[in-house]
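Trainee: Could you take me slowly through a protein model and show me how its features are read?

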Amino acid sequence: MEVLASSATASSCPHFVISNLYKNPNSASMATTPQVLQWKYASVRIVEARAKVPLMCLKITSLKRPITYGNTDRALLLPICRLNQSFFSQCSLFSVRYSQLKKKLRLKKYAGSLHKVISCSQKIGRHAFVRFVVGLMVVMSVSVSVSESPSCALTEENLLFLEAWRMIDRAYVDKSFNGQSWFRYRENALRNEPMNTREETYMAIKKMLATLEDPFTRFLEPEKLKSLRSGTQGALTGIGLSIGYPTKFDGSPAGLVVISASPRGPANRAGILSGDVILAIDDTSTETMGIYDAAERLQGSEGSSVKLTVRSGPEIKHLDLMREKVSLNPVTSRLCAVPASGEDSLRIGYIKLTSFNQNASGAVKEAINTLRSSNVNAFVLDLRDNSGGLFPEGIEIAKIWLDKGVIVYICDSRGVRDIYDTDGSKAVASSEPLAVLVNKGTASASEILAGALKDNKRAVLFGEPTFGKGKIQSVFELSDGSGLVVTVARYETPAHTDIDKVGVVPDHSLPTSFPKDEEAFCNCLQDPASACNKFELFAR
């Protein structure tokens, strides 16, 4: 629950003004109109104080006559505050024995008019914690000279930060927020983090997200949010590369592996092939570079250039490519005919799915129908190095292969909150034998699909354990056009397996030399001595 000192009003500066309640004509210090401090509101109004003596409750009623206070008296009326601190006044309330207070303030005579003394219903024991709910703090009849001009409590930058904070507060899957007080972080950040410019505010938001220690929850500047959306819609401005997680199986320098190069795109025209390794982007090594960071570096404005260092087999290439708008087709397919005697020849439809954008499910259906027209009698679905994409597309593709059953359970901190299943009404290929190829680059939506096909005994999985990204993100746009990618849930496979940081375990392993593209796969099947024919791909 948010506990606020006040809510913003329609005025340009949402704060309270402590007005002059009276003037004492007999006081020399009140000869001129005093400057009055504008009090800022605090967002948390609960102050805890340790009471070491029995307390009396003072209830302010009304002023019946002007009262003269000396300097000492005036000081005792005020809370101990640091009035010149930015944004929040840090106040600590104190208490004194009633007898001392009465003596200091000379209230014996005015006890009935200025303060009404009320005995507390219960005496507060020594060392007990007392909770004071601080409402509007009004300083009565006090003249305070201030040299500094007051400022607004919340700036536009503060409001943008709070918008991002609320988005995480409402949507983030881990309600412990990585074991920290999310409300306390908000207060500390508003008090201590500089937010004078938009760049400083963005930095404060990124710093806030970093405390969650979740690499998939991240901040996107406006241009990066637009780029992300264009990528999931099947087109983006870049060089037409799909990249996967680093591989080090052959002992060569680490880098980012090329999953595919879009046909007729800049990378494809430059001769970059599936399996090539990107060693550097604009002279920055990719050895420790995250996949999201690399994707952002490869994308950019149309007509701009990017330098790549690429290892293709034993050769090192230095390429300077120009970015352009590229249409991404997430599916490639091919008919692989395996020679055999009589009518037992095997015709396999190979489908490689490289991402889950908005074109994915439609492209898979189209590939299946095209291959069926060539009388295929089995399918291979290659999900290797597919790092995921849109969650709904993963669900739709699972429905293509399943006649019925649960696809995935969506869970939060309290357990299962939603179930995605299918009744077979959208099934296109639910009967032909199906083999699914996976590896450690198979992540996110790919793992949802692979887990659904395995647990429903629809397919046999070959390869190695998948990446293990068992969480789901949603994209939220902020008011200035920037955005947040937020982990909103985790998921379990139909067998209630939580694959986060573990992955989907395949039924059978494959050698690292197993072909990774459609042409090499077909050639491998046609060679009786090859690795492809040492495995019963369609045993089930």
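Trainee: Is T309 buried or exposed?

Mentor: The general idea is a set of cut-offs: a residue counts as buried under 20% relative accessible area, as exposed over 50%, and as partly exposed in between, with a 1.4 Å probe and protein chains only. T309 has a relative accessible area of 15%, so it is buried. Please keep in mind that this is a predicted model, in which local features need pLDDT of at least 70 and side-chain atom pairs count only at pLDDT 80 or more, while totals for chains, interfaces and linings use all residues. Residues are numbered from 1 along each chain as its sequence is written, and side-chain values use heavy atoms, with hydrogens and water left out.

Trainee: Where does T309 sit, and with which residues is T309 in contact?

Mentor: Helices (H or I, at least four residues) and strands (E, at least two) are DSSP runs, numbered from the N terminus, and T309 belongs to strand β15, which covers residues 305–312. Contact means heavy atoms within 4.5 Å; once its neighbours within four places in sequence are set aside, T309 touches V277, I278, L279 and A280, together with I316, K317 and H318.

Trainee: How many helices and strands does the protein chain have?

Mentor: The protein chain has 12 helices and 26 strands, and 44% of its 540 residues count as buried. Among its contacts between residues at least 6 apart in sequence, 72% join residues at least 24 apart.

Trainee: How do I read a sheet, and what is the order of the strands in the open sheet of 5 strands?

Mentor: In general, strands of a sheet pair through backbone hydrogen bonds, either parallel or antiparallel. Two strands are taken as paired if DSSP finds at least two bridges between them. Here the order is β18-β19-β20-β23-β24, and the pairing is mixed. β18 and β24 (460–463) stand at the edges with a single partner strand each, so one side of each has no neighbour in the sheet. From one strand to the next, the twist averages 20°.

Trainee: Which strands pair with β19, and in which sense?

Mentor: Strand β18 (residues 331–338) runs antiparallel to β19, and 8 bridges join the two; within that pairing, V331 has L353 as its bridge partner. With strand β20 (residues 378–382), β19 pairs in the parallel sense over 5 bridges, where I351 stands opposite L381 and K352 has D382 as its bridge partner. As for burial, 6 of the 8 residues of β19 (residues 346–353) are buried, so this strand is largely enclosed by the rest of the structure.

Trainee: Which helix makes a β-α-β unit with β19 and β20?

Mentor: A crossover is called right-handed if, with the strands pointing away from the viewer, the path from the first strand over the helix to the second runs clockwise. β19, helix α9 (residues 360–372) and β20 make such a right-handed β-α-β unit.

Trainee: What can be said of helix α11?

Mentor: Of the 11 residues of α11, 9 are buried, so the helix is largely enclosed by the rest of the structure. Among the buried residues of α11 are A445, I448 and L453. After α11 comes K457, whose phi is positive, near 55°.

Trainee: How many disulfides does the structure hold, and which residues form a disulfide?

Mentor: A disulfide is a covalent bond between the sulfur atoms of two cysteines. The working test is a pair of cysteine sulfur atoms within 2.5 Å. The structure holds 1 disulfide, formed by C336 and C522 with their sulfur atoms 1.7 Å apart. The link of C336 and C522 is left-handed, with -60° about the S-S bond. C336 lies in strand β18 and C522 in helix α12 (residues 518–525), so the pair ties together parts that are 186 residues apart in sequence. Both C336 and C522 are buried.

Trainee: Through how many residues does a hairpin join β21 to β22?

Mentor: The hairpin joins β21 to β22 through 2 residues. Strand β21 (residues 405–412) and strand β22 (residues 415–422) run antiparallel and are joined by 7 bridges, and D412 stands opposite G415 in β22. C411 has a relative accessible area of 1%, so this cysteine is buried.

Technical notes:
Axes are lines fitted to C-alpha atoms, for helices over the stretch in contact, and angles run from 0 to 180 degrees between N-to-C directions.
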